[in-house]
Amino acid sequence: MPEGLFSYERRGKKEDSAFLFKWHRKISVDELKWAVRSIGKREGVFLRVEPFIIHVLCKDLEWAKVLLSLARQGGIKKGGLQNLGEKLLVELRGNVNLSIPLECVWFEYDKMTSILNQVMDENEKARGRFMEVVAKFHV
């Protein structure tokens, strides 16, 4: 499951940044409190919920087009070919994400945990809608 709740420290370029904490599930208020307290008051730290990413190998361009069409029907707006080798790699990316500066979280743990977990639920629902469309597809 690629999406999750992350604590992310930005240091200029993405390659120079670091994930301080990472969960691939919803979290509790106590976990959020612990993470925020562990980090302390540092600038450039964000709480993030990343969208899901699905990679699918397709045998040819026609199947890649079918998959991208199914993704659209399932509500996935972002997707494309990542590899044009012998097998075509299609990447589909969910639409639901959130990025909040850590300084906005202090003392609002219950509310923030609820918001973060709601975004995680929306991400899971979006992936589920896509999977339902794929399950109904007949060759």
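Which residues have the most contacts inside the largest nonpolar core? In this predicted model, they are Leu32, Leu47, Val49, Leu98, Leu102, Met112 and Leu116, and the core to which they belong has 18 residues.

**Overall build**

The protein chain contains three helices and seven strands, and, read from the N terminus, its elements follow one another as β-β-α-β-β-α-β-β-β-α. Of the 139 residues in the protein chain, 39% are buried. Among contacts in the protein chain with a separation of 6 or more, 66% are made by residues 24 or more positions apart. The accessible surface of the protein chain is about 8,600 Å², and carbon and sulfur atoms account for 53% of that surface.

**The nonpolar cores**

The largest nonpolar core, with its 18 residues, draws on several elements of the chain, and each of those in the table below supplies at least two residues of this core.

| Element | Residues |
|---|---|
| β2 | residues 18-23 |
| α1 | residues 29-39 |
| β3 | residues 45-49 |
| β7 | residues 98-101 |
| α3 | residues 109-136 |

Among these contributors, α3 gives the most to this core, with five residues. Leu98 shows how parts of the chain meet here: when residues up to four places away in sequence are not counted, Leu98 touches Leu47, Arg48 and Val49, and also Ile115, Leu116 and Val119. Apart from this core lies another, made of twelve residues, which include Cys58, Leu67, Leu92 and Ala126.

An open sheet is formed by three strands in the order β4-β6-β5, and their pairing is antiparallel. The edge strands, each of which pairs on one side only, are β4, covering residues 53-58, and β5, covering residues 78-84. From one strand to the next, the twist of this sheet averages 20°.

The pairing of β4 with strand β6, which covers residues 88-93, is antiparallel and runs over six bridges. Within that pairing, Leu57 has Leu89 of β6 as its bridge partner. Helix α2, covering residues 61-73, packs on the sheet and touches β4, β5 and β6, while the direction of this helix makes about 5° with that of β6.

**Summary**

Taken together, the predicted model has a largest nonpolar core of 18 residues, to which α3 gives the most, and another core of twelve residues that lies apart from it. The model also has an open sheet of three strands with antiparallel pairing, on which helix α2 packs.

Technical notes
Residues are numbered from 1 along each chain as its sequence is written. This is a predicted model: local features need pLDDT of at least 70, side-chain atom pairs count only at pLDDT 80 or more; totals for chains, interfaces and linings use all residues. Side-chain values use heavy atoms; hydrogens and water are left out. A nonpolar core is a set of buried Ala, Val, Leu, Ile, Met, Phe, Trp, Tyr and Cys residues joined through side-chain atoms within 4.5 Å. Buried means under 20% relative accessible area, exposed over 50%, partly exposed in between (1.4 Å probe, protein chains only). Helices (H or I, at least four residues) and strands (E, at least two) are DSSP runs, numbered from the N terminus. Contact means heavy atoms within 4.5 Å. Accessible areas come from the Shrake-Rupley method with a 1.4 Å probe; for residues, only the protein chains shown count as cover. Two strands pair if DSSP finds at least two bridges between them. Axes are lines fitted to C-alpha atoms, for helices over the stretch in contact, and angles run from 0 to 180 degrees between N-to-C directions.
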